[in-house]
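Thank you all for coming; I would like to walk through one model this morning. Please keep the sequence and the structure in view while I talk.

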Amino acid sequence: MYDYVIAGSGLFACVFAHEAVKKGKKCLVIERRDHIGGNIFTYEEDGINIHKYGAHIFHTSDKAVWDYVRQFARFNNFINAPIASYKGEIYNMPFNMNTFSRMWGISTPSQAKAIIEEQRKDVEPPIDNLEKQAVSLVGRDIFNKLVKGYTEKQWGRDCSQLPPEIIRRLPVRYTYDNNYFNDTYQGIPEGGYTQIAQKMLEGCDVELSCDFNKDRDHYRSIARNVLYTGALDEYFDFSLGHLQYRSLRFENERIGCDNWQGNAVVNYTDRETPYTRIIEHKHFEKGNSSPVTWISREYPVDYKETGEPYYPVNDSVNGSLYASYRTLAEKEGILIGGRLAQYAYFDMDKTVKEALSLASRCIQ
């Protein structure tokens with residue numbers, strides 16, 4: 001008999017399992033994929049650590065969380081400074097004075113503020129869709145070149161048909177600062193993320209390529225407690241309906257040069273380019289001398305195409321449906337956690353904090 005059977009081996013599951021083992025609990029981790037780590041999984045090719053499921057940059061202002069993850073790996077000082085490419089025009093992200101200077105040929109914050117303020121006047125109330133929300137925040141020029149195409153590819157719908165809540169705010173800086181995050185601490189583990197998952201799961205039994213939901217009764221029968229980190233509608237066999245997600249497809253390519261795009265992340269913000277961004281993995285860790293490089297093109301697709309849920313569609317309909325599934329989970333007495341089970345998009349630091357909080361409440 002296990003104290004905890006944990007469905008999934010992503011970051012949330014790994015943190016919870018580590019805390020349980022520290023308190024002498026016996027844990028079994030069930031993972032549908034053929035590897036541990038969930039979407040933070042990395043693997044090595046040509047001496048380059050590949051982020052299999054897209055770029056993962058750890059950033060936080062919570063020192064306790066930062067100190068916690070650094071138990072398991074040494075982090076570098078990588079600063080996320082993505083580039084936006086619009087039909088061959090190159091812009092800095094997030095929106096800052098470098099962006100505005102390239103866009104309008106200006107050089108001072110007052111000039112940029114005046115242009116954005118003038119363009120905001122075009123928005124007529126009510127602010128009832130994403131397009132109006134974005135233009136009211138950053139103006140029409142930035143919306144057209146750097147927001148519209150990227151967002152429509154990401155969500156598969158026109159910006160005028162998307163709820164304004166998707167873009168509650170857009171970062172606008174009137175300084176020449178390309179650091180995407182405002183957090184105090186930022187970096188990527190030297191050697192990749194998989195080592196972190198491996199260390200966190202030490203002392204646990206792990207079964208790979210096993211679908212918890214296909215043998216749910218068995219796993220529940222051998223567990224005093226169940227922590228479920230998968231999609232909650234799937235746990236209940238979609239009995240109340242399907243929660244909506246957007247998914248991603250990745251296309252990897254090995255390129256015979258040592259530096260292909262000059263930056264870790266380049267966003268493609270025009271509507272015609274089918275992918276949203278290209279990641280060049282070697283730029284996440286400085287000093288890599290490999291004579292070749294690896295890139296990943298990231299294509300947003302319908303959830304039905306891949307069966308891999310990534311981004312919850314957080315509108316009122318899905319919110320209500322999720323609340324109903326959560327009520328069922330509470331009645332059944334299972335623990336739930338993580339971005340899928342909680343139907344929320346969590347950054348990694350929030351995931352760690354949520355898992356530690358659940359562990360402190362539940363593990364005696």
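Predicted model: local features only at pLDDT ≥ 70, side-chain atom pairs only at ≥ 80, totals over all residues.

Residues are numbered from 1 along each chain as its sequence is written, and side-chain values use heavy atoms, with hydrogens and water left out.

Along its principal axes, the C-alpha trace spans about 70 × 50 × 35 Å. Of the 364 residues, 55% count as buried, where buried means under 20% relative accessible area, exposed means over 50%, and partly exposed lies in between, with a 1.4 Å probe and protein chains only. If we take the contacts with a separation of 6 or more, residues 24 or more positions apart account for 71% of them, contact meaning heavy atoms within 4.5 Å.

Now to the helix pairs. The axes of H1, residues 11-22, and H12, residues 348-362, come within 8 Å and cross at roughly 35°; axes here are lines fitted to C-alpha atoms, for helices over the stretch in contact, and angles run from 0 to 180 degrees between N-to-C directions. On the H1 side the contact includes Leu-11, Phe-12 and Val-15, and on the H12 side the residues include Met-348, Thr-351 and Val-352. The residues of this contact divide into 10 nonpolar, one polar and two charged, with Ala, Val, Leu, Ile, Met, Phe, Trp, Tyr, Cys and Pro counted as nonpolar, Asp, Glu, Lys and Arg as charged, and the others, Gly among them, as polar.

How do H3 and H6 lie relative to each other? The axes of H3, residues 97-104, and H6, residues 140-155, come within 12 Å and cross at roughly 100°, and the two helices are therefore roughly perpendicular to each other, a term that covers 65 to 115 degrees. Thr-99, Phe-100, Met-103 and Trp-104 in H3 meet Asp-141, Ile-142, Lys-145 and Leu-146 in H6, and these residues divide into five nonpolar, one polar and two charged.

Turning to the backbone, most residues other than glycine have a negative phi, and most peptide bonds are trans. A cis peptide bond joins Met-93 and Pro-94, with omega about -5°, and Pro-94 sits in the loop between strand S7 and H3. Another cis peptide bond joins Pro-125 and Pro-126, with omega about 5°, and Pro-126 lies in the loop between H4 and H5.

Ser-209 has a positive phi of about 55° although it is not a glycine; this residue is found in the loop between S9 and H8 and counts as exposed at 52% relative accessibility. Tyr-343 also has a positive phi, near 50°, in the loop between S16 and H12, but Tyr-343 is buried, with a relative accessible area of 4%.

Finally, some single residues. Ile-127 is in the loop between H4 and H5 and is partly exposed at 35%; leaving aside neighbours within four places in sequence, Ile-127 is in contact with Lys-132, Gln-133, Ser-136 and Pro-164. The C-alpha atoms of Ile-127 and Pro-164, 37 residues apart along the chain, are separated by 7.2 Å.

Is Thr-60, then, buried or exposed? Thr-60, in strand S5, is buried, with a relative accessible area of 1%, and its contacts beyond four places in sequence include Trp-66, Asp-183 and Asp-349.

Terms used. Helix = DSSP H or I, 4+ residues; strand = E, 2+ residues; numbered from the N terminus. Parallel < 35°, antiparallel > 145°, perpendicular 65-115°, else oblique.
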